[in-house]
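Reader: I would like a close look at a single part of this model. Please keep it brisk.

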Amino acid sequence: MSTTVDQFIPGEKPWQALSKLLLRVGLMMSVSLVTIGWYPAPASAAPIIPNPNELVQVVQEIESLDAMRSGLAASLEGSTEVPTMQTMKEVCRPVGMRAMQLSQEHGWQVKQVAKKYRNPDHAPGNLHDQMALAKFNQEPELIGFWDRETLDKQLGTRYYRRMDVEASCLACHGLKERRPQFVKDGYPHDLAYDFNVGDLRGMYAVFIPDDIQKAIQNAVN
Ligand code: HEC
């Protein structure tokens, strides 16, 4: 390539020459890639996430939500008082309520999903849910990922975050017979017991529609 010298025009700033050179090299590379056939379609666009800031916010909110549950469960575990009905209830239900609140405030769909669920609202809802759970099961190191999906005919981004069982969870998700009475009474079809520390408990799944403004409008109306 005899590019550098013969393209240097007197009076031209070095960076101008450099950017021309880079442009030329870039063009040549893309032309050769097209001819080699690496691009599935000519001029295919780079993948984009339409609402990157929303995604950042989702990740942060889910971390807070998860920390809230762990904190509540740990406080129960450490306490010397006999847990009352009220304190027993104050661990996972507030998480569900906060998830609902986040959905309404932001136009997202915030869900908890588990294969062995206690509340039937948290059963896997579609094939994507099942695949994400299987992926977390197969990859214990995987904390979270996102994907482009269509949900209820809307295009958007879905964020998934794993949830593992901690020692403090076993008070209510451990042995079947040891579950608190309010769980036995309130969830007759409960599947969320007999877990061990480190098991995959489930995941958070958050859908961010591309048309977020419309989603917020719908949530308000
Ligand atoms: C004091 C009892 C209690 C403790 C401790 C507890 N949970 Fe729960 N958990 C529940 C109840 C009750 C529900 C059902 C709540 C509802 O109706 O939405 C639930 C539901 C869940 C769900 C939603 C999916 C489902 O099965 O319905 C997840 C996920 C979950 N718990 C994870 C955890 C994790 C992780 C911990 C430990 C950090 C934990 N839980 C500790 C009582 C508890």
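Reader: How many helices and strands are there in the protein chain? Then take me through the largest nonpolar core.

Author: This is a predicted model, in which local features need pLDDT of at least 70, side-chain atom pairs count only at pLDDT 80 or more, and totals for chains, interfaces and linings use all residues. Residues are numbered from 1 along each chain as its sequence is written.

The protein chain has 9 helices and 4 strands (DSSP runs numbered from the N terminus: helices are H or I, at least four residues; strands are E, at least two). Along the sequence they follow the pattern α-α-α-α-α-β-α-β-β-α-α-β-α. Of the 221 residues, 23% count as buried (20 or more other C-beta atoms within 10 Å of a residue's own, with C-beta atoms placed from the backbone; 12 or fewer is exposed, in between is partly exposed).

Now the core. The largest nonpolar core holds 22 residues (a core is a set of buried Ala, Val, Leu, Ile, Met, Phe, Trp, Tyr and Cys residues joined through C-beta atoms within 7 Å). Val 58, Trp 108, Ala 132, Met 203, Tyr 204, Ala 205 and Val 206 touch the most other members. H3, H5, S1 (109–113), H6 (127–138), S3 (154–164) and S4 each supply at least two residues of this core. S4 gives the largest share, 6 residues.

Take Met 203. Beyond its neighbours within four places in sequence, Met 203 is in contact with Val 113, Ala 132, Leu 133, Phe 136, Tyr 160, Arg 161, Arg 162 and Met 163 (contact means C-beta atoms, placed from the backbone, within 7 Å).

A second, separate core has 6 residues, including Val 91, Cys 169, Cys 172 and Val 183.

Next, S1. S1 and S4 run antiparallel, joined by 5 bridges (strands pair if DSSP finds at least two bridges between them). Lys 111 has Ala 205 of S4 as its bridge partner. S1 is mostly covered, with 5 of its 5 residues buried. Gln 109, Lys 111 and Val 113 point one way from S1; Val 110 and Gln 112 point the other way.

H5 comes last. H5 has 14 residues and spans 20 Å from its first C-alpha to its last, close to the 20 Å expected at 1.5 Å a residue (1.5 Å times one less than the number of residues). Just after H5, Gly 107 takes a positive phi of about 75 degrees.

Key: Two residues are in contact if their C-beta atoms, placed from the backbone, lie within 7 Å.
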